[in-house]
Structures are given as structure tokens and as C-alpha cells.
Amino acid sequence: IVKTFRITEDHFESEVCKSLFARIIDAQEQSEDPLTLLFEDETLTDEEINLLRIVKLSLREPSSSWDKFDVTVSPEQFEKVIPDYLRTIQIRKVVRRLGEVEKQIQQNDEQGTLDVSLLEEYSKLDYQRRSIEEQRGK
């Protein structure tokens, strides 16, 4: 998945998620069963262990209850979902930063000052958001 979808640490927002992602990649290079290897790692923090549990649960087989809905996900469908999800993450990060910049611009406006660099950053972020949304529509 990492090579196919070019997932990097930048796709994760928190430092804990970035760290855990790096540890998973390292463990994957060392073992056929990277999650078990990580669960045995005594240097993991409680937060990393909890996130690792979530990852492990998400990788398990779907419940047999889903069988009655006759839902199957083909590899092609899966390959379409992952990039869309990554774009969603990117959009969230950009929108969050847009809000922060907008707040700073409003504060400057209330103080009667103008920071052109904030306006430039807002414009770039808005363009980035629209570009990602266009990619999503394809």
C-alpha cells in the first residue's frame, strides 16, 4: 500500500501517528508479521499501543453479518477508495490551516494591520484545496 499509494508520514497529522507509521514501515521490513513484532516492542507508548490495536482491528476479516448484505469489495474498488481517503485527509489539513490563517487575517484587520504574507498563504491554500477537490471528482 505504501508504494502503490505513496503514503508518507505527511499524510498523518499527529506526531504519534507519524511515529507509529514509521515504526510500522520499519517492522514490515523486518518481519512477515509486523504488527506482532510491534506489540512485542516495549518502547511503544500507551497511545501508540492503542492506535496499533485500532489498526489491527481494522485489518481483521469483516464480520459474517455482512454476508447477508452480499457486499464484496474488489481490488479495483479498494484501489479507488484509498486515494480518495488520502485526498480527504489532505483537504482536512488544508481546511484547518485555512481557518487558522483566516482567523489571523481577521485579527490583523481588527488591529488595522495588513500582513500580505497571510493573504498569499490563504490564496495558495485555497488553490490547493480546490485542486485536491478537482482530483477527487475525477
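Among contacts in the protein chain (heavy atoms within 4.5 Å) between residues at least 6 apart in sequence, 53% join residues at least 24 apart. This is a predicted model, in which local features need pLDDT of at least 70 and side-chain atom pairs count only at pLDDT 80 or more, while totals for chains, interfaces and linings use all residues. Residues are numbered from 1 along each chain as its sequence is written, and side-chain values use heavy atoms, with hydrogens and water left out.

**Overall make-up**

- The protein chain holds 6 helices and 0 strands, where helices (H or I, at least four residues) and strands (E, at least two) are DSSP runs numbered from the N terminus.
- Read from the N terminus, the order of elements is α-α-α-α-α-α.
- Of the chain's 138 residues, 20% count as buried; buried means under 20% relative accessible area, exposed over 50%, and partly exposed in between (1.4 Å probe, protein chains only).
- The chain has an accessible surface of about 10900 Å², and carbon and sulfur atoms account for 51% of that surface. Accessible areas come from the Shrake-Rupley method with a 1.4 Å probe, and for residues only the protein chains shown count as cover.

**Helix H2**

- Helix H2 (residues 15-30) has 16 residues and spans 23 Å from its first C-alpha to its last, close to the expected 22 Å at 1.5 Å a residue. The expected span is 1.5 Å times one less than the number of residues.
- Buried in H2 are Leu 20, Phe 21, Ile 25 and Ala 27. They lie on the same side of H2 because they cover an arc of only 165 degrees around the axis, the arc being that of the directions from the helix axis to the C-beta atoms.
- Glu 15, Glu 29 and Gln 30 are exposed, on the face of H2 turned away from its buried side.

**Gln 104 in helix H5**

- Gln 104 belongs to helix H5 (residues 75-110) and is partly exposed, at 31% relative accessible area.
- Leaving aside residues up to four places away in sequence, Gln 104 touches Arg 97 and Leu 118.
- Asp 115 is 11 residues from Gln 104 along the chain, and their C-alpha atoms are 9.2 Å apart.

**Surface patch**

- Leu 114, Val 116 and Leu 119 make up a nonpolar surface patch with about 290 Å² of accessible area together.
- Patches are made of residues with over 30% relative accessible area and no salt bridge, joining like charges within 9 Å and nonpolar side chains (Val, Leu, Ile, Met, Phe, Trp, Tyr) within 5 Å. A salt bridge is a side-chain nitrogen of Lys or Arg within 4 Å of a carboxyl oxygen of Asp or Glu.
- Leu 119 sits in helix H6 (residues 116-137) and counts as partly exposed because its relative accessibility is 39%.
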